[in-house]
Amino acid sequence: MKTRLRRALVTPLVDENPVTLHILGICSAVAITNSLYSALVMSAALTAVLCFSSVVISVIRRHLPHSVRIIVQVTVIASAVIVVDEMLQAFAPTTSQILSVFVGLIITNCIVLGRAEAFAAHNPPGVSLLDALGNGLGFSLILCTVATIRELFGSGGLLGREIFTSAAAGGWFEPVGLFLLPPSAFFIIGGIVWLIRSYKPQQREQAEFEIIATDSVRNR
Amino acid sequence: MSNAAITKLRTRTAGDRRWRLIHAGLLMLERFLYSDEGRNRAAPFVRQAVSVQGNFNNLLIASLPCWLIGLWNIGYQSNRALDSLELESLAGWRGNILQGLGIGFQPDSLLACLIHGLLYFAPLFVLVLLVSAFWEALFATMRRRSPDEGLLAFAWLFTLLLPAGTPLLPVMLGVSFGMIFGKHIYGGSGFYLVNPVVVGLVFLWLAYPSVVFGPDRMIPVSGVDVSAALNSTQDWWAAFSGARPGTVGTTSVLGCVVGAGYLLITRSASGRIMLGSLLGILLAAQVFGAPALSDAPELTQLSVGQHLLSGGLTFGIVFLATDPYASCMTNPGRWIYGFSVGILAILIGLANPGVGEPVLFAIFMASLVAPLIDASIVAMHKARRRRRIDGVMDQ
């Protein structure tokens with residue numbers, strides 16, 4: 001039992017990471033990772049929503065008619081998201097403005113519904129909570145890594161503090177404008193996926209086509 | 001010197017320790033001129049004069065006029081700038097070399113301008129070549145394959161599209177990006193979606209537009225007013241021949257036309273793509289040239305000729321759009337692909353004057369849909385044939 005709990009918490013961090021293995025939640029990972037601060041807030045918001053919705057759905061899992069379960073799950077998730085959104089607007093209005101629509105879009109984040117449907121709907125609340133927490137942390141890990149790279153090289157600082165002095169201010173660092181644009185997050189996430197799959201080959205998908213090395217023909 | 005003569009010389013030097021360097025050099029020359037890779041030495045003995053390596057070599061040879069004019073142009077622009085600033089010599093190691101050799105800084109002297117240009121081109125090219133060779137070697141080792149062809153052409157074309165006075169660190173990043181994300185993640189030559197030169201340069205344009213391609217990089221003399229130089233060389237002949245500030249090898253439309261002729265004679269590049277692009281540019285400049293459609297009224301006043309003579313538009317459609325892997329394979333597809341490159345190049349330039357080299361972005365986007373164009377052409381062809389067969393069967 002203990003190992004099962006630990007597995008629910010630990011495997012989503014790297015081995016079954018929702019972003020890098022299941023390629024879920026990419027849109028928020030691309031959209032709000034241009035600064036570490038917004039990434040941290042987003043991670044916290046998503047983890048909170050994920051934990052709440054997973055526990056609730058797990059508790060009512062035996063009372064849910066199969067045919068309407070998705071509607072109920074989305075309702076639970078949407079309620080949690082609205083609470084988080086309202087809390088942010090009330091207590092951190094500027095942060096809420098920075099994140100704008102993306103807090104609301106947690107409803108459509110595939111990680112949340114994915115965990116509810118794939119795990120919480122079949123498992124007791126305790127282990128569902130740990131699974132949700134693990135997935136939230138796995139998402140946060142990728143999000144914060146991407147945001148750190150993007151903010152560090154895009155604007156030369158972290159959390160608004162200057163780390164590299166830019167060339168304009170007399171230092172050596174040239175800010176890479178591309179890292180502040182959303183496409184860079186695709187490259188960085190792609191690079192992280194590449195890195196993880198080179199380190200853990202069991203995550204690789206089966207190749208659809210085999211690349212035939214032309215050398216075998218050529219060097220005869 | 002014919003192939004046989006080189007081979008004869010090479011076999012004579014083979015096996016002799018004293019001649020091994022010359023032997024290696026001759027081997028390289030032979031490989032470069034008459035690469036026989038791709039020829040089949042077993043049955044069915046298919047022999048073809050053009051190999052993959054040979055095709056890339058032709059690309060490189062075709063860009064030699066652009067390169068020579070570009071070298072002269074760098075020197076000419078810099079020496080003229082020195083003249084206008086009333087400086088006796090250039091600061092830094094290039095100035096020391098030019099002065100030490102007694103070549104001087106006269107804008108009228110062909111030799112002075114060429115050597116001056118070479119001193120800017122050579123370090124840039126060597127750097128690009130070394131960085132790309134590093135990635136090529138790394139991936140070849142990792143994948144246990146021989147290195148891809150076209151490394152030299154990649155480095156060569158990449159350097160021709162950079163300004164002379166560009167800082168080296170961003171260039172290294174751009175080359176690495178082009179090699180990794182443009183080429184090797186897809187499996188190397190023959191598998192990539194977009195020409196890696198284009199990918200690397202688009203990265204540089206997005207990441208460091210002012211650092212790498214800023215106007216003060218075009219003429220590498222500190223303190224010179226480039227916009228004045230740009231305005232003073234607005235006559236047609238200067239723009240056509242390439243005597244204007246710009247990147248290393250793309251200023252000369254003359255060189256591009258000569259190169260295009262060579263590519264077409266050796267059949268190394270598709271004339272359909274070049275003509276299609278030209279048609280696209282003609283049409284787009286006529287249709288979208290109305291000032292109301294654009295954020296850049298001064299650009300919409302340009303005629304088709306001026307569009308073709310500005311920036312690296314011609315260079316792009318001759319040397320980059322015709323990439324054999326990233327462009328279309330079917331003949332109707334080549335027309336459509338070229339046409340879209342032309343239209344997109346003008347449209348992107350008009351809609352966003354901040355994009356310095358719209359043709360790169362146009363090629364990028366057109367290359368992405370090139371497989372789709374090919375697939376549609378093949379599907380249409382199949383459908384037509386099926387209809388014909390069905391018609392015969394019905395009778």
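What share of the 395 residues in chain B is buried? Buried residues make up 42% of them. A residue is buried if 20 or more other C-beta atoms lie within 10 Å of its own, exposed if 12 or fewer, and partly exposed in between, with C-beta atoms placed from the backbone.

This is a predicted model, in which local features need pLDDT of at least 70, side-chain atom pairs count only at pLDDT 80 or more, and totals for chains, interfaces and linings use all residues. Residues are numbered from 1 along each chain as its sequence is written, and chains are lettered from A and ligands numbered from 1 in the order in which they are written.

**View 1. Chain A, with 10 helices and two strands.** Helices (H or I, at least four residues) and strands (E, at least two) are DSSP runs, numbered from the N terminus. Along the sequence the pattern is α-α-α-α-α-α-α-α-β-β-α-α. The C-alpha atoms fill a box of roughly 60 × 60 × 30 Å along the principal axes. Of the 220 residues of chain A, 34% are buried.

**View 2. The end stretch of chain A, residues 215-220.** Over residues 215-220 of chain A the pLDDT is below 50. This stretch has seven contacts in the model beyond near neighbours in sequence. Two residues are in contact if their C-beta atoms, placed from the backbone, lie within 7 Å.

**View 3. Helices α18 (residues 313-320) and α20 (residues 358-394) of chain B pack together.** Their axes are 8 Å apart, at an angle of about 30°. Axes are lines fitted to C-alpha atoms, for helices over the stretch in contact, and angles run from 0 to 180 degrees between N-to-C directions. α18(B) and α20(B) are therefore roughly parallel (under 35 degrees). Leu313(B), Gly316(B), Ile317(B) and Leu320(B) of α18(B) meet Val359(B), Leu360(B) and Ile363(B) of α20(B).

**View 4. Ile23(A), a residue other than glycine with positive phi.** Its phi is near 50°. Ile23(A) lies in the loop between α1 (2-10) and α2 (26-31) of chain A. Ile23(A) is partly exposed, with 13 other C-beta atoms within 10 Å.

**View 5. Arg267(B), also a residue other than glycine with positive phi.** Here phi is near 55°. Arg267(B) sits in the loop between α14 (253-265) and α15 (271-287) of chain B. Arg267(B) counts as exposed, with 11 C-beta neighbours inside 10 Å.

How values were computed: Parallel < 35°, antiparallel > 145°, perpendicular 65-115°, else oblique. pLDDT = per-residue confidence, 0-100.
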